[in-house]
Amino acid sequence: MTDNSLKFKSIDFSAQPKRCVIALHGWTGNQESFVPIAQRLKINSTRWYFLQGPYQVSEEQWSWHYRDNDQWILAPAKERLRSFLLDIAFKEFSPLDIYLIGFSQGATVIYNSCLDMEQTIGGLFPIAGYSGKTYGSIHKNQKNTKILIGHGRDDDIVPVSESISINNYLQEHSTNTELYLYNGKHKISFNYLNKFSSAISNGN
């Protein structure tokens, strides 16, 4: 547990990892959600941090956001993620060696929290997320950051139009953004994960 009340676990895939992946689960997920993916990929020289949203939905289910008067409140998640980066990740790794991956609600946290960061991040990998039209401006230091957006064409939870919309926006302000659409609904594609793994292993 960190000072900002984010619960997390970590796994190292070498004795001395030189990079890290920060994984953000979706709605009703938890800190275990991305563990099978990390164990399947086994990206060498990499530490994975598995963060857990702060708001409890049920005994084993958590959320990054909460509702107030029928509105999703996003700001606290941004503050907590920024605190985790400053207090934990940036003290262990260079920002350029830090990569964030998030599914669904976790992808929305990435859009809302990372595009306007001053520190240049190694890469952002949002999957099937709502843009929420909350991403605001992109900091000049993120202009060349690798951004690989993934989304299932037949997603029946988060419309694929969400990722198409934010990709169109990012294409106007970023030099390194890619939209990867795959067959399927609200899920993570193995092909997308292979592209993610290659991008990290090759340093973008």
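**A guided reading**

Mentor: Let us begin with His65, which counts as buried at 5% relative accessibility; buried means under 20% relative accessible area, exposed over 50%, and partly exposed in between (1.4 Å probe, protein chains only). This is a predicted model, in which local features need pLDDT of at least 70 and side-chain atom pairs count only at pLDDT 80 or more, while totals for chains, interfaces and linings use all residues. Residues are numbered from 1 along each chain as its sequence is written, and side-chain values use heavy atoms, with hydrogens and water left out.

Trainee: Where is His65 found, and which residues does His65 touch?

Mentor: His65 is found in the loop between β5 (61–63) and β6 (66–68). Helices (H or I, at least four residues) and strands (E, at least two) are DSSP runs, numbered from the N terminus. A contact means heavy atoms within 4.5 Å. Not counting residues up to four places away in sequence, His65 touches Tyr55, Trp72, Ile73, Leu74, Ala77, Gln105, Thr108 and Val109.

Trainee: How many residues of helix α3 are buried?

Mentor: Helix α3 spans residues 105–114 and is mostly covered. Its buried residues include Gln105, Thr108 and Val109, which are also among the residues that His65 touches. The number buried in α3 is 10 of its 10 residues.

Trainee: How many helices and strands does the protein chain have, and why is the chain described as compact?

Mentor: The secondary structure of the protein chain comes to 5 helices and 11 strands.

Trainee: What percentage of the residues in the protein chain is buried?

Mentor: The protein chain has 204 residues. Its C-alpha atoms fill a box of roughly 45 × 40 × 35 Å, taken along the principal axes. The buried share of the residues is 51%.

Trainee: Is Thr28 partly exposed or buried, and is Lys42 exposed or buried?

Mentor: Thr28 lies in the loop between β2 and α1 (35–41), and its phi is near 70°, a positive value in a residue other than glycine. Lys42 has its place in the loop between α1 and β3, with a positive phi near 45°. At a relative accessible area of 25%, Thr28 is partly exposed, and at 56%, Lys42 counts as exposed.

Trainee: How many Å apart in space are Asp154 and Lys185?

Mentor: Asp154 is placed in the loop between β10 and α4. Asp154 touches Gly184 and Lys185, not counting residues up to four places away in sequence. Although Asp154 and Lys185 are 31 residues apart in sequence, their C-alpha to C-alpha distance is 4.6 Å.
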